Amino acid sequence: MAGSYERSRWVPALACAALTACAALTACGDESGTAGPSPSSPAPAPTSSPAKDTPAQEQLVLRLRKTGGFAGLGGPRSVPEFSLYSTGRAVAASPSAQGKLTEYRLKPDALQRLLGEARTAGLGRSHTVGSDRIADAIITVVTMGDATTRIIQPESQAGPEARFLKKLDPAAWPASDLAAKPKPFTPAKTAVLAGPTTGSDTVKKWPLEPLGKGTQVAGATCTLAPSKKVPATDRGTAWRSEAKTYSIRLRPLLPGESTCHDIA
């Protein structure tokens, strides 16, 4: 009888200990290797090495474009101010020389550091910084993967997003972060965007594919031409093609772009 009493007295204690152990194992699921990361955890940085990536594997990872303002900045007819790719290649438009593009090459560790700083600044999620009620405001639009951040009047913002924009000036990158010296970016093809003339004084004969037989993109007719064969032009020059006269705008194709639809 005494033995039975002792056994019955310990059963509840053993059961309680077992339940406590199960609860502890459940709570520690992340350490068991079977549970996934927390939904709020930041996405891991790309691990591909720029030295190993091929052009076919090169992907756009970060882009900056300015829009708005009195002059109507941005749009598919203009080249984004800054584009960064998974190979570490960056293509930037020169603010002082219109139409001039420069190519930079970041080392793998510098690329991962820059992308990590972008996520820390909040660019990994879509949101707007500043007020949408400012008329003719200049807006800096940063895309990072599927996330789009709109920074309105960035010079008047003090948050981490606006502060990070300074890091997207490749001319200020230290030489120790670069895998090669900067060089002019020379695209293989250029998109020729043709539209109505605006009373141009000079009219020239267009020497390439007919301007009217292209793809409709962003309110213009787009044809592609080898960059080396595209003649120089300006806003004061019109071009005659198949008995019609057009004004044109040139848009060099960036890495990853191969058709007229890619620039839309």
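## A walk through the predicted model

E13 and E14 are part of an open sheet of six strands, arranged in the order E10-E13-E14-E9-E12-E11, with mixed pairing. At the edges you will find strand E10 (202-205) and strand E11 (215-217); each has a single partner strand, so one side of each is left without a neighbour in the sheet. From one strand to the next, the twist averages 45°.

E12 covers residues 220-226, and Thr 223 lies within it. Is Thr 223 buried or exposed? Its relative accessibility is 4%, and because buried means under 20%, Thr 223 counts as buried. Which residues does Thr 223 touch, leaving aside its neighbours within four places in sequence? Its contacts are Thr 190, Ala 191, Val 192, Glu 209, Pro 210, Leu 211, Lys 213, Gly 214 and Cys 260.

A disulfide is a covalent bond between the sulfur atoms of two cysteines. A search of the whole structure finds one, formed by Cys 222 and Cys 260, with their sulfur atoms 2.1 Å apart. This pair links distant parts of the chain: Cys 222 sits in strand E12 and Cys 260 in the segment after E14, 38 residues apart. The link of Cys 222 and Cys 260 is left-handed, with -80° about the S-S bond. Both ends are hidden from the surface in the sense used here: Cys 222 is buried, with a relative accessible area of 2%, and Cys 260 counts as buried at 6% relative accessibility.

Five of its seven residues are buried, so E6 is largely enclosed by the rest of the structure. E6 is joined by six bridges to strand E1 (residues 60-68), which runs antiparallel to it; there, Thr 67 stands opposite Ile 139 of E6. Another six bridges join E6 to strand E7 (residues 147-152), again antiparallel. In this pairing, Val 141 has Arg 150 in E7 as its bridge partner. E6 and E7 form a hairpin with two residues between the strands, and Gly 145 takes a positive phi near 65° there.

Finally, consider the whole chain. It has three helices and 14 strands, and 36% of its 264 residues count as buried. Among contacts with a separation of 6 or more, residues 24 or more positions apart account for 63%. The chain exposes about 16,000 Å², with carbon and sulfur atoms supplying 57% of it.

How confident is the predictor? The chain averages a pLDDT of 81, and 74% of the residues score at least 70. Over residues 1-54, however, pLDDT stays under 50, and the model has 23 contacts beyond four places in sequence for this stretch. Where pLDDT is low, the predicted coordinates should not be read in detail.

Notes: Residues numbered from 1 in each chain as written. Predicted model: local features only at pLDDT ≥ 70, side-chain atom pairs only at ≥ 80, totals over all residues. Heavy atoms only, no water. Helix = DSSP H or I, 4+ residues; strand = E, 2+ residues; numbered from the N terminus. Buried < 20%, exposed > 50% of the residue type's maximum accessible area, 1.4 Å probe, protein only. Contact = heavy atoms within 4.5 Å. Areas by Shrake-Rupley, 256 points an atom, 1.4 Å probe, with all protein chains shown as cover. Pairing = 2+ DSSP bridges. Axes fitted to C-alpha atoms, helices over the stretch in contact; angles between N-to-C directions. Disulfide = S-S within 2.5 Å. pLDDT = per-residue confidence, 0-100.
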